[in-house]
Structures are given as structure tokens and as C-alpha cells.
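This report describes a few residues and how they meet in the structure shown next. Please keep the sequence at hand while reading.

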Amino acid sequence: GARVLSVQSHVVHGYVGNRSAVFPLQVLGFEVDFINTVHFSNHTGYPVFKGTVMDGATFGDIIDGMEENGLLRGTSHLLTGYIGSESLLSA
């Protein structure tokens, strides 16, 4: 079957980024691996949001681990969304 790598945000409250993408893709029959580029309390449209932003080194480590274990083989789709760090784009 088709396999998606989804690289997007994650929020605790609300439905954006991976929080809104993963389940519908699974319902449609896709296998989904996901990397959360940020982990925020809520969407950035609120007056206040707090949390962490993944940096490029961490992203690179995750991709390296997946590659070394052969976990990216068979990935047929890449879905991207909110990237909270310029260094992640360079990784």
C-alpha cells in the first residue's frame, strides 16, 4: 500500500498539522509515518502559544535513524506543513 511521510506541526489543543492529517490518511488506507516539527499548546493563531520547535540537527537524526533502519523504503508520498525552524529546512 501507499506510505506517507508527514512532516508538520503538532498541537495539544485543536486540529492542525499532523493532528489533522494522520487519522484521515489512515482511514483512507495509507500507512503514515509522521515527524512533528513543533509541539505547541495550540495553533499559532491564538494570542498565546507555547511549546518546542524541532531544530535541524534533531530532524536530521530522526531521518538518519529511519534511513539506517530501512524505514523510508516504500515511502510513496511526502506531506509537509508548518516548519517552525529555518535550520530544519537546511537539514
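Setting aside neighbours up to four places away in sequence, Leu5 is in contact with Asp33, Phe34, Ile35, Ile63, Met66, Leu72, Thr75, His77, Leu78 and Leu79, where contact means heavy atoms within 4.5 Å. The model is a predicted one, in which local features need pLDDT of at least 70 and side-chain atom pairs count only at pLDDT 80 or more, while totals for chains, interfaces and linings use all residues. Residues are numbered from 1 along each chain as its sequence is written, and side-chain values use heavy atoms, with hydrogens and water left out.

Leu5 also belongs to the largest nonpolar core, whose eight residues are Leu5, Val7, Ile35, Met54, Phe59, Ile63, Met66 and Leu88. Such a core is a set of buried Ala, Val, Leu, Ile, Met, Phe, Trp, Tyr and Cys residues joined through side-chain atoms within 4.5 Å. Two or more residues of this core come from each of β1 and α2 (56-68), and α2 gives the most, with three residues. Helices (H or I, at least four residues) and strands (E, at least two) are DSSP runs, numbered from the N terminus.

One of the contacts of Leu5 is Leu79, a residue of strand β4 (residues 77-80). The C-alpha atoms of Leu79 and Leu5 are separated by 6.2 Å, although the two residues stand 74 residues apart along the chain. Beyond residues up to four places away in sequence, Leu79 touches Val4, Leu5, Ser6, Val7, Gln8, Ala21 and Leu25.

Ser6, in strand β1 (residues 3-11), has contacts that include Asn18, Val32 and Leu79. The side chains of Ser6 and Asn18 are joined by a polar contact of 2.5 Å; this term denotes a pair of N or O atoms within 3.5 Å, where within protein one must be able to donate a hydrogen and the other to accept it, and residues adjacent in sequence count only if both atoms are side-chain atoms.

Side chains of opposite charge can pair when their charged atoms come close. Here the count comes to one salt bridge, defined as a side-chain nitrogen of Lys or Arg within 4 Å of a carboxyl oxygen of Asp or Glu. The side chains of Arg3 and Asp33 form it, at 3.2 Å from N to O. Arg3 lies in strand β1 and Asp33 in strand β2 (residues 31-40), so the pair ties together parts that are 30 residues apart in sequence.

The table lists accessibility, with buried meaning under 20% relative accessible area, exposed over 50%, and partly exposed in between (1.4 Å probe, protein chains only).

| Residue | Relative accessible area | Class |
|---|---|---|
| Leu79 | 32% | partly exposed |
| Ser6 | 0% | buried |
| Arg3 | 24% | partly exposed |
| Asp33 | 23% | partly exposed |
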